[in-house]
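Please look over the structure shown here, chain by chain.

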Amino acid sequence: MALDSPPMMKASGSARRPGTTRALWRRRHPGRIWVKVVIGLLLVVEVYPLLWMFLTSLKSNSDYLNKSTWSLPTSWEWGNYSEAWTTGHIGLYVRNSLLATAPALLLIIVLGTAAGFALQIMVWKGRGLMLIIFLAGIMVPSQMILLPLFTVYFRAGLSGTLWPLILTYTGTGLPLTVFMMATYYRAVPRELFEAATIDGAGILRSFWSISIPMVRNAILTVGLVQFFFIWNDLLIALTFTNNQDLRTIQVGLLNFTGDFGATQYGPLFAAICINVIGTLVIYLFLNQKVMKGLTGGAVKG
Amino acid sequence: MENVIRAGAIRVSAYLCLNDDREPTVIIHSLRARRARITGLAASATAVAVLVAACGGTGTGSSSAPKQFSYLTNVENTTVKTGLGTLANGACKAQNQTLPLNVDTVPQTSLDQKLQLLAGQNALPVQFAAGNAPALTDQLYKSGKIADLETKLRDLGVYDQIEPAAISTIKALYGGKMEVLPYEYNIEGIFYNKKVFNEHGLSVPSTWDALVSDAATLQSAGVQPFAASGQQGWPITRLVSGYLYRSLGPDAMKDVADGKAKLTDPQYVEAAAKVAELGKNGYFGKGVGSIDYDTAFNQFLTGKAAMFYMGSWALTNIDDPKQDQVGAENIGFMPFPAVPDGKGSIDQYPSNVGLAMTLGAKTFDSRVGAWVKCITQNYGSVALKDQGSISGFKVNTPVQDPNSITTQVRKTIGASTQNVLWFEALFSTKATNVSQTNAASLVTGSMSPEQFMQTVQRALSGS
Amino acid sequence: MHRVLGDRRAIVTLIGPALLVYSLVMLVPMVWSLGYSFTKGNTIDGFTGNGLHNFQRLFSDTAAHKALWFSLKYGVAVTVGQVLAGYLLALLYIFFLKRASAVIRTLVFFPVIMPTVAVGLLFQKFFQVAPQTGPMNSLLSTVGVGSVDWFGSPGKAFWVLVIMDIWRSMGFYAVLLFAGLVDIPDEVLESARLDGASGLRLVRHIVLPLSFPVLMSALIFSINGTLKVFDSIVALTNGGPGNATTPLTLYMFQTSFTYSDYGYGSTIALLLTVVCLLVTLAIFRVSRRDLTEG
């Protein structure tokens, strides 16, 4: 019944003349002063920490500890970057993060989209219950599944590989993905698939070749969201990596300790900068795709 | 109802599984029998699959012959790691060839979790830091996970390589057993900046009242009297126990552990009140609760604070000119001052062996024995020579002390007759945590001394 | 009629793999762990049955009540803050900043990328009172209020945490909600405008109702995330001062792994799951027509 209710998120935007009303709106309210103030404030709040992070990555430890937060470095320690790279093994950690994130992300998207399709487009008894079962996963605190999972992975001989991370990320990422994809699929009319089948295509084929392009933007959005969750995870990575060579970047950042047990802040922030800049590039790339799709709104039912 | 049954079924099977004391088939059977009742979830079938994998899998759990001399330690401790690395390439090269050293580190805050997980799988490393509190170490020992080193070292013929003082410290802390190798041997006291003391005409205080009046002089001259990490908490609770073992005698904390006294007794609360007063007068500086260990250390080593309660492991930092801008020659060490009419004596020092470094009971084979033998014979001199770190092993190759303060501390250790316990030494892990996280509130005044002692006592009695 | 869409084999093929992985990684361990809540013990000493004792204990454990209260307080404050800030930002992007929007969006998104370790250090530095005066306290001093020890009292530490998490995540919610707002057809806005609606009234009567479903899912998502907050608190206050900023997750983690009381830890986790469930159901009720399935 409710499955036929209006779409919650229109993945396939309806026909639109871009920009008319918004342009009119702007003309009617030309550059109100408070908008400028808000944007200015926003820029300070967002850009200054970015700058702080970068400057800190060039400071010596005594600058970090003894000088005020906003001071410039007294000597510009570019060597922090090479130290982060060599003694901090940032390259290795980034590689591990990629090796754990990429397969998990792929699995989440493929499995999640298929399940979302089955839950929203396909007609069968009990799918309401199934959706709720998936939704329950959002409510489980991940701290409580750690011990059982550790036991299983260990007994299955998976400790010492990146598989525990990949599997755990996939499992914990699925509830949200399934839920979101099911919602996005509401915008896609079911009749489309019935028509396609009359043309001789199987439903699995229709799922792949008709529905996927229609929810492409949704997939990218969900992918983006999941990417940052997985990339920024610390708890799961910390629990399941018991080998230096398997550390992810977030775990690696906890290990910037110098010869005498003191945190090495300069190289730590250099490593953080490398990490942030790398992910920012990925974000920009994905974001451009997402937004191009959204504003193009080209796919029609 | 349904949930309870389901959870019960899985619990039973999980329990069997973890203990490995019954046939895995029993588990599958019991689950299958209930399967009819587990409706609505496809999980039942998968549960069986998981448990089969979990119980019957190719786990390497209880294998007793280690492939490596694996060593799990906290990130923050770099001294032992470095020392063992030196030995692996030097005196213990042969041992390293048969059983290569492999170090893994975790942040100290997640050490306990890691140990719990590994212990559950019987997968503890060959050598590991056994928890943040002696209580956890003791628990691991009692369940047979940690080797009894007294027997092992005697069998290897190297028991005499451990300093007697270190042995008595270990036994005092770990239920009368030798559970730990003394990679460090520390005494604690107050480090002070000699230069600052001279500039303000102060002499080393030998009583609590003199300490307080010196602090007042420094404070009014604009020098922060103490550096302390409220984030860590223990540098503050150590002052409370310091006052206690000076006023009530060396057994002050043991009496609490034995139930002969309570932290809420007036003479115990008095100690907390004395420390709270230091805080009230602002002697720890501003925002003590958010000062972390590095920052507090840095305040002292850059001359911004005149006194610093710390253990003798600080000598490695003092010896590092990059960190120590005051200069090792300008730093002195004094015992915790006496309390008037107190039962304690000023030559009793609290001592410890650092974070407990233990050896797994199940992996202790002859090759591990060879490593341990080599370590007991050589680590003492290597650590002292390379890193200025004092251990509880005999120093077999004479080493020149790097500076006078190291000499002073070593002499103090040699002359020390009786050790005393720090505040949380015999606490449960919970009481330890409660005490350390509330310490800052005690000195910032957001908790009264009575409240503080009550809170800790409650955590102690509760567990 | 729905013969094609009711193809059982296709349904199993589509949903089977996801269900399998999800069950293995989340459902089974969850049920398994819940089983522990009827036991006493830990991985070192083993587990023994304990009946309902853990549940009785939960009723009288003041620390658990305090943690629950903190989790709720924190969850509500941060959820309201981050969804509201995200929504306002999304409105800003869509109505005021067409061309500059991409740049601003990226900048506001940047904190999401920042590792928790870095965010923790950043806020410690910015709100610190000693040994140096942090920017926030310098600002307050210039205004004449004077320095404040932000992490010294429970109330202030709470607000720093709330500000930190809103700052971190508002860019994320802005992008999520922006995607929902972009989909509002221009014709609808235009005709509303021609009817004389403008400014706040347009937002209230047209934009808000149309974006209501996406707002609701953001809300569900946000409350479930913030009730389970862990990383940010460990990074900034580690539950202090005392246990004043300890949420249920941290209390559960400490109980299970530091205090070696895994059975009781599982009971606390169960409590948290039930709380999340109740809150989610409450939100569902409010937005029934759009989100629940018939």
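The sections below describe a predicted model, beginning with chain C.

## Chain C as a whole

Chain C is made up of 13 helices and two strands. Its C-alpha trace spans about 75 × 70 × 30 Å along the principal axes. Of the 294 residues in this chain, 56% count as buried. Among the contacts in chain C with a separation of 6 or more, 68% come from residues 24 or more positions apart.

## Chain B as a whole

Chain B has 20 helices and 10 strands. The chain has 463 residues, and 55% of them count as buried. When contacts in chain B between residues at least 6 apart in sequence are taken together, 78% join residues at least 24 apart.

The mean pLDDT of chain B is 85, with 86% of its residues at 70 or more. Residues 1–62 of chain B have a pLDDT below 50, and this stretch has 84 contacts in the model beyond near neighbours in sequence.

## Where chain C meets chain A

In the pairing of chains C and A, 78 residues of chain C are in contact with 91 residues of chain A. On the chain C side, α1(C) gives the most, with 16 residues. By class, the side of chain C that touches chain A has 49 nonpolar, 17 polar and 12 charged residues.

## Where chain C meets chain B

Between chains C and B, 38 residues of chain C are in contact with 42 residues of chain B. Four elements of chain C each supply at least two residues of the side that touches chain B: α1 (8–36), β1 (39–42), β2 (46–49) and α11 (248–258). Of the elements on this side, α1(C) gives the most, with 11 residues. The class count for the side of chain C that touches chain B is 19 nonpolar, 17 polar and two charged residues.

## Helices α4 and α7 of chain C

Helix α4 (residues 101–113) of chain C packs against helix α7 (residues 154–182) of chain C at an angle of about 130°, and their axes are 6 Å apart. Because of that angle, α4(C) is oblique to α7(C). The crossing in which α4(C) passes α7(C) is left-handed.

From α4(C), the residues that meet α7(C) are Arg105(C), Val108(C), Phe109(C), Phe110(C), Pro111(C) and Val112(C). Their partners in α7(C) are Trp167(C), Arg168(C), Ser169(C), Met170(C), Gly171(C), Phe172(C), Ala174(C) and Val175(C). By class, this contact of α4(C) with α7(C) has 10 nonpolar, two polar and two charged residues.

## Gln82 of chain C

Gln82(C) lies in helix α3 (residues 62–96) of chain C. Is Gln82(C) buried or exposed? The cut-off for a buried residue is 20 or more other C-beta atoms within 10 Å. Gln82(C) has 26 such atoms within 10 Å, so it is buried.

Which residues is Gln82(C) in contact with, leaving aside its neighbours within four places in sequence? They are Asp165(C), Ile166(C), Ser169(C), Met170(C), Tyr173(C) and Ser222(C). Gln82(C) and Asp165(C) are 83 residues apart in sequence, while their C-alpha atoms are 7.8 Å apart in space. Ser169(C) and Met170(C) are among the residues of α7(C) that meet α4(C), and both are also in contact with Gln82(C).

## Helices α6 and α8 of chain A

Chain A also has an oblique helix pair. Helix α6 (residues 127–139) of chain A and helix α8 (residues 163–185) of chain A pack with their axes 7 Å apart, at an angle of about 130°. That angle is why α6(A) counts as oblique to α8(A). α6(A) passes α8(A) in a left-handed crossing.

On α6(A) the contact is made by Leu131(A), Phe134(A), Leu135(A), Gly137(A) and Ile138(A). On α8(A) it is made by Leu174(A), Pro175(A), Leu176(A), Val178(A), Phe179(A) and Ala182(A). The contact of α6(A) with α8(A) has 10 nonpolar residues, one polar residue and no charged residues.

## Helix α7 of chain A

Helix α7 (residues 146–155) of chain A is mostly covered, with 10 of its 10 residues buried. The buried residues of α7(A) include Leu146(A), Leu147(A), Pro148(A), Leu149(A) and Phe150(A). Thr151(A), Val152(A), Tyr153(A), Phe154(A) and Arg155(A) are also buried. α7(A) is followed by Gly157(A), which has a positive phi near 75°.

Key
Residues numbered from 1 in each chain as written. Chains lettered and ligands numbered in written order. Predicted model: local features only at pLDDT ≥ 70, side-chain atom pairs only at ≥ 80, totals over all residues. Contact = placed C-beta atoms within 7 Å. Nonpolar A, V, L, I, M, F, W, Y, C, P; charged D, E, K, R; others polar. pLDDT = per-residue confidence, 0-100. Axes fitted to C-alpha atoms, helices over the stretch in contact; angles between N-to-C directions. Parallel < 35°, antiparallel > 145°, perpendicular 65-115°, else oblique. Left-handed = near helix turned anticlockwise from the far one by under 90°. Buried ≥ 20, exposed ≤ 12 C-beta atoms within 10 Å, placed from the backbone.
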